[in-house]
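Please read them alongside the structure.

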Amino acid sequence: STTRDLEGQPLDTNVQNTRSMTNDVTVRWRPFESVPTTWTLGSTRNLLLAENPEYAAALGDGRIWGFNVGFEEQRREGATLQWRPNFRWLQWARPNVELRLGYGENRRAGVRQRSVAVGDPELDPDGDGFIGVPTEVRNLSNSRDVSLRAELGLVGWVRRFVDMRGMASVGRLRQAAVADSTVADGGGGSAIPEFFGKTLKALSRGFWDMRPISLNFNHKRNTGYQHVNGRADWFYRLGLTDRPDFSAIEALPIRRDGTQLITQDFSVDLQQIQRNLRLSTQTTLANPLRLDGSFNWQRNSRNSEARGDTYDRNLEWPNLTLRIQGVQDWRLFQWMGRPLESSDMSINWKVTTTARGRAADLREYPTRRYTWQPRWNARLRSGIDTSLSVVRSGESQESAGQGTLERRTTSMSLRLDKQFDARGRMSFLKFGQTGVGNT
């Protein structure tokens with residue numbers, strides 16, 4: 001059949017046929033019970049590349065023993081190693097270390113640069129107008145990702161080294177001192193000693209009831225090099241180095257300066273290092289009070305031929321959330337006749353600092369943001385769900401020409417939800433015979 005336009009005229013169409021072969025191998029090996037490993041190898045081959053008359057002379061027919069295996073255009077290598085130590089002296093931390101390694105090649109014919117001297121035997125060896133031989137010139141990349149995850153049972157570790165009987169006797173002495181100071185006031189003095197006693201008790205409970213601290217640390221490095229005239233060495237392919245051994249790779253000629261042949265300089269096209277550390281935990285200060293806290297630090301470094309050596313960093317601390325349960329049982333709402341079926345509150349305080357800079361310039365102009373957000377959720381006896389939220393945020397940004405710029409914003413939102421039966425008085429809204437709706 002012929003493709004035609006709206007007026008019935010035939011259209012010129014180009015039919016592009018592709019034929020490829022993809023091979024993937026995965027090997028799982030456990031040299032030790034606590035060290036599972038996985039090794040992967042992938043390859044994509046073009047089975048039609050040799051049919052191009054421009055490449056046939058340089059590459060051949062791409063057959064082995066009469067079978068068309070084509071030419072490799074993409075290559076992927078990877079390895080994953082995990083270490084889960086089961087030593088008794090590490091049970092309080094439960095660490096999990098993971099190492100991910102990756103290597104890739106893009107050997108498509110299109111990655112090559114155009115030659116400035118078509119027909120030159122050095123710059124255009126196969127006469128197709130591009131530098132180098134197809135599938136020999138490639139873009140290289142590798143990655144190394146190291147991560148550590150742990151659950152630090154700090155409280156359990158402290159209990160192993162602290163005499164709990166001694167701590168109990170100290171606690172009894174403190175309680176007796178608080179009682180004596182309260183009695184000495186005769187009931188008409190200041191209530192500060194009692195307040196301090198309750199505060200000390202809440203802090204003590206907050207420590208001993210603290211859940212294990214969740215630790216996540218990640219260090220990732222990515223590198224890339226373009227227009228390389230050969231395969232990288234094993235150290236680069238395993239992610240152990242960030243630069244291939246170019247002494248073992250023939251330099252690719254890129255232009256001529258008179259009679260002199262200029263080759264590539266193997267400068268890094270991209271190198272990126274990402275670091276991230278996160279700590280989080282939660283504890284109970286009293287029966288209705290729960291405190292969540294987290295710490296997050298990030299730093300990214302980039303070194304590219306186009307933009308040079310730059311970095312950005314981010315610090316999120318403090319990030320604290322105080323959660324209050326059982327608000328419906330407060331005396332105020334009891335005096336009001338218990339209008340709330342359930343209710344809870346939360347208060348979040350977060351400060352974030354971000355900055356960007358260059359390695360050649362030590363000056364940086366950070367931006368600090370803070371957010372204070374109380375929230376109240378309640379369900380009334382009438383079946384109405386309410387949510388009241390207030391957000392108070394601010395930003396302080398330093399600049400070279402304008403000094404420090406500050407912004408403050410406040411927003412408030414109130415949401416009411418009510419479920420109703422669509423078959424009752426609201427049936428004219430045509431929700432159907434059964435179901436509920438929200439308004």
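1. Is Q271 buried or exposed? Q271 is buried, because its relative accessible area is 17%, and buried means under 20%, exposed over 50% and partly exposed in between, with a 1.4 Å probe and protein chains only.

2. On the basis of the notes: this is a predicted model, in which local features need pLDDT of at least 70 and side-chain atom pairs count only at pLDDT 80 or more, while totals for chains, interfaces and linings use all residues. Residues are numbered from 1 along each chain as its sequence is written, and side-chain values use heavy atoms, with hydrogens and water left out.

3. Q271 sits in strand β11, which covers residues 270-286. The chain has 6 helices and 18 strands (DSSP runs numbered from the N terminus: H or I of at least four residues for helices, E of at least two for strands).

4. Leaving aside residues up to four places away in sequence, Q271 touches R221, N222, T223, D242, S301, R302 and N303 (contact means heavy atoms within 4.5 Å). With D242 there is a side-chain to side-chain polar contact at 2.7 Å (N or O atoms within 3.5 Å; within protein, one able to donate a hydrogen and the other to accept it, and residues adjacent in sequence counting only if both atoms are side-chain atoms).

5. Of the 439 residues in the chain, 32% are buried. Among contacts with a separation of 6 or more, 59% join residues 24 or more positions apart.
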